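The following exercises concern a predicted model. Each task is followed by a solution in steps.

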Protein chains: 2
Amino acid sequence: MNRITGGLWAELQHLNRTAMIPHAVQWMTRLGWVANFDRAATGERYEHRGREFADSEIYKIIEAISLEHVRSGPGELDVVADDLVRRVAAAQEPDGYLHTLFGRPWQRPRYSDFTWGHELYCAGHLLQAAVAHHRAYGSTALLDVAVRLADHICVMFGPRGLNRVCGHAEIELALVALYRETGERRYLDQAALFLDRRGHGTLPLIEFGRAFAQDDLPVRKATVLRGHAVRALYLAAGAVDVAVETGDAELLAALKTQWQNTVDRRTYLTGGMGSHHMDEAFGEDFVLPADRSYCETCAGVASIMFSQRLLLATGESRYADQIERTLYNILATAPGDDGRSFFYANTLHQRHPGGDVPVNDDGVSIRGGAGERQPWYEVSCCAPNLARTLASLDDYLATTDDEGIRIHQYMPSLLETTIGGESFTLELATDYPATGTISITVTRAPTAPATITLRQPEWSPPLPDAELTRIWQPGDTIMVDVDMRTRVTRPDHRADAVRGCVAVQRGPDVLALESVDLPAGWTLADAELVSADPTTTDVVVRHHGTGKEATIPLIPYRRWARRGPSAMRVWIPTWQLWSMRPGPSR
Amino acid sequence: MNRITGGLWAELQHLNRTAMIPHAVQWMTRLGWVANFDRAATGERYEHRGREFADSEIYKIIEAISLEHVRSGPGELDVVADDLVRRVAAAQEPDGYLHTLFGRPWQRPRYSDFTWGHELYCAGHLLQAAVAHHRAYGSTALLDVAVRLADHICVMFGPRGLNRVCGHAEIELALVALYRETGERRYLDQAALFLDRRGHGTLPLIEFGRAFAQDDLPVRKATVLRGHAVRALYLAAGAVDVAVETGDAELLAALKTQWQNTVDRRTYLTGGMGSHHMDEAFGEDFVLPADRSYCETCAGVASIMFSQRLLLATGESRYADQIERTLYNILATAPGDDGRSFFYANTLHQRHPGGDVPVNDDGVSIRGGAGERQPWYEVSCCAPNLARTLASLDDYLATTDDEGIRIHQYMPSLLETTIGGESFTLELATDYPATGTISITVTRAPTAPATITLRQPEWSPPLPDAELTRIWQPGDTIMVDVDMRTRVTRPDHRADAVRGCVAVQRGPDVLALESVDLPAGWTLADAELVSADPTTTDVVVRHHGTGKEATIPLIPYRRWARRGPSAMRVWIPTWQLWSMRPGPSR
């Protein structure tokens, strides 16, 4: 098993355990979302608290605690998971159905609102939580609930059941996870059936159009992701799972095409996805405004899920590149330093310091505005989604095949695997991305030759020694240097909203100009970029009005809004640098 | 009385009478919106059709027919107005209340949803319709209904009544109109009271924040328009009315400031207002993306209402300039050539030909997408709002004061007024904006000296003879030439989304590049502007990829999407023209 041992991500994992997860449990308890299950179990009438998908947030936190137990061992959170599992299980109906907002005599009927009801979506998160809980604790307390619920779904929506899909994809990937955990083929078949059913207009037409829930086109016919970003990405992730498990090469090829077109044309430099506020949706190709870029945190989580599945299916480093970009610029950006506040949206341009997010009487932010990290949102998927991703981050470090180990992410870590039945363990030491020096020391080696492959980041010149095959000895060390010079990136000429601007990047970090770093008296709108130097993150800016120049630091985008409210921009207006460069680069 | 006698606007007025108004009546009848009144009158239970504001569309059409009767005399539409008025009147409750969606035993209670209910908004449109109907026909059939409704409102919301405001401003300006028609001071007082009450957070907090309904700041404290564009503009128009009638100089000054800041920082080149799709709202200063610019047609109507009131209050030509800009580029753009289709939104950049507007089973478009004009929308304010504006367009031609006449809009027209009790009539002949030549001939003149003042468009060099005072004789003619050379406009450097682009304008027309005019094989995204010539609307463009150049015509923005679906842009990428010019110009 692989393990992150230090650095930024170990710190975030620690913050997750000690602050983010407890914070989420506290809010969900305070707001009555957990109590929905207790009240459902009594059979008495109650007023449901929270949105249609509130149940799913509890499931995601159970999943996060379970993953965290695997990662860091027993702890206080285990008691929380036990308690939540017991309360969830008690609310399950005799026939396996489980959702606290639907189906009781005073509630709307089950499956009466596929567009917004999120019933199968919540079921999917329960299944994911149950698989994680079973793996972590060996207990079937939640797995039994999941199996009963999944069996109910297979009856209701099986080949002779309702020809419907959930407005929010999620059940598809969850059913494959349950299939993998239980070996029950019917869950995989049901996932494939849900996939095949989508794209035929069975969902009611809503103002956002059929593409909103990917019901406009069958998944294997599409060439790019459309509609609500998280829905599109969860669907795509589930489709990769089905393609891999059923050996469906045509489906896998379609998903690779969708991924590439989406990354090339509909993804922000930060890895953020989704440019519309209104429908939380992908825009058309190259509609990537920096102002009000939505880039929902959960779309970052979902993008990593999609990329990771394609990485496992193909081994191609572009998927690991995109995961890295999204990790450093979305996932590390969203949580506040205290682990008790979060960005829901991750804009690339904040014109004025501070947020304008309305807060209700419960202290809950009722929209996803992007100027300041907020403790909790009415739509609060970001915190639990971050929690389960951070808790499982060790899985992204490396993969193993018959020939050896492929290292995908450069974090201080211990990598442990077996090659031909023999142990092969490595220790990776680095302060990346502070510098680009990475040292890999073999601590146990197989007797036969084995290969160590290092991901070559798309933005770095080819690494010598990126793939070495030999008979390794304990103590063997590989040293590589990834190119950490700052680089100036010009946007595609079709990305109208950032024409005449460049961005500066360094390693995996997108850099940002934050207003607190400007000379006194300047506003963000005054500053134009004059020059950038590959050896430093300091740049020269000129005042648009006075022409005065100043040298100021850029900061990693993920560090913005941590020194009090500020204005910020990633794409910086520049006459000189935009005109001098021949074309776009990543 | 002034009258448009020919040209573009006479054609649109004719189209309004013969197609747009009948079309709207047909749709509102077919969809059951008119029948809501009949069914409300029976007292029996019914299912309300249409949205919360459906009543108001009928009122706006009554207003349009009444204005059209004044403009062009008796006709078939008079019967329609009679019928609608009778049916509306029959639905009024004994205490004066009138709304077909609230207050009956099976409906939601009256005044239970100030945020979205639109009860006072609908009442306002009834009052406006009643004033127009009374003036046109001399009948009190609808005025009596309006007075009873207004009296009910004055009781319910008077100084000792409910301290609430409607989520959608409109009642304010309508009460002033009713005051002007009836002389009853209590309506003006009630309008002033509604104004004073807004901005104190009495509306529930919603996800779009308090600014959405202008409940964030008292109207006299604000410095710029915020929130939902139509709401903000109707409120501002009503506030000018109150300021003028009560002699409130402080309030008027605040509104002038708001107008100027809004026009300078939050208005598109076309005069379009509102950049957000999500909440149909103004963006922050200089957040004016061309992509998905919202520029709702009704916000254009409302902007003209606000500007016209300030023009009447101050006589300053900047308000007439803005009216002209909005007339030529929003109001003339929205309707299709057949008068039976409309743009709801008026984007400045359409990337792909055609629309993607979902249509429901009734044939109604359920969102305001902007690629193609649609016959009818679920939110269908644009057609009736255009209808009443076109029917009253004669009012915008000129104004009179003690010294003489001020001509604001250059349309072929007859201008009739009295100066010192004597008749003063002019005939304006022009083919503006085809050319800039305007000829004004005196047909009857007072015996004393009188002044003829011509608006000097902001974009034209000063006109000689723009203000002439003399003793006029019939047959005297003034000839002026407005500068109709094309001009290249560079955006403000803070308008990030169009950096590196210019727009081309000619007279009052914003010009557009439409994809159907590109050389074969080019897409809109390929074309960059190389040069523009003041003497022609043809420009030289270069293909981004191949470097090939071609000369193509630009068209007036209002003519776009009339030769089949097309891609279109107003702001055109250009290396040369953007870099050569020193600063922004209108």
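Helices are DSSP runs of H or I with at least four residues, numbered from the N terminus. This numbering is used throughout the exercises.

**Exercise 1.** Locate B:R110 in its chain and determine the polar contact that its side chain makes.

*Solution.*
Step 1. B:R110 lies in the loop between helix 4 (77-90) and helix 5 (119-137) of chain B.
Step 2. Buried means under 20% relative accessible area and exposed over 50%. B:R110 has a relative accessibility of 25%, so it counts as partly exposed.
Step 3. Residues up to four places away in sequence being set aside, B:R110 touches B:E93, B:D95, B:Y97, B:F102, B:G103, B:E119 and B:H152.
Step 4. With the side chain of B:D95, the side chain of B:R110 makes a polar contact of 2.7 Å.

**Exercise 2.** Check whether the length of helix 7 of chain B agrees with its number of residues, and describe its surroundings.

*Solution.*
Step 1. Helix 7 of chain B covers residues 171-182, which is 12 residues.
Step 2. The expected span is 1.5 Å times one less than the number of residues. For helix 7 of chain B this gives 16 Å, and the end C-alpha atoms are 16 Å apart, so the two agree.
Step 3. Nine of the 12 residues are buried, and helix 7 of chain B is therefore largely enclosed by the rest of the structure. Among these buried residues are B:I171, B:E172 and B:Y179.
Step 4. The buried residues of helix 7 pack against helix 5, helix 6 (141-156), helix 8 (185-197), helix 9 (229-246) and helix 11 (297-314) of chain B.
Step 5. After helix 7 of chain B comes B:G183, with a positive phi near 75°.

**Exercise 3.** Characterise the interface of chain B and chain A by its area, its residues and its polar contacts.

*Solution.*
Step 1. The two chains bury about 3,300 Å² between them, 59% of it on carbon and sulfur atoms. Of the area that chain B buries against chain A, B:M278, B:R351 and B:R499 supply 18%, more than any other three residues.
Step 2. Chain B contributes 36 residues to the contact, and chain A contributes 36 residues.
Step 3. Across the interface, 18 residue pairs are in polar contact. The side of chain B that touches chain A divides into 15 nonpolar, 10 polar and 11 charged residues.
Step 4. Four salt bridges are counted between chain B and chain A. A:D496 forms a salt bridge with B:R569, with the closest N and O atoms 2.4 Å apart.

Technical notes:
Residues numbered from 1 in each chain as written. Chains lettered and ligands numbered in written order. Predicted model: local features only at pLDDT ≥ 70, side-chain atom pairs only at ≥ 80, totals over all residues. Heavy atoms only, no water. Helix = DSSP H or I, 4+ residues; strand = E, 2+ residues; numbered from the N terminus. Buried < 20%, exposed > 50% of the residue type's maximum accessible area, 1.4 Å probe, protein only. Contact = heavy atoms within 4.5 Å. Polar contact = N/O pair within 3.5 Å; in protein donor to acceptor, adjacent residues only side chain to side chain. Buried area = accessible area lost by both parts, 1.4 Å probe. Salt bridge = Lys/Arg side-chain N within 4 Å of Asp/Glu carboxyl O. Nonpolar A, V, L, I, M, F, W, Y, C, P; charged D, E, K, R; others polar.
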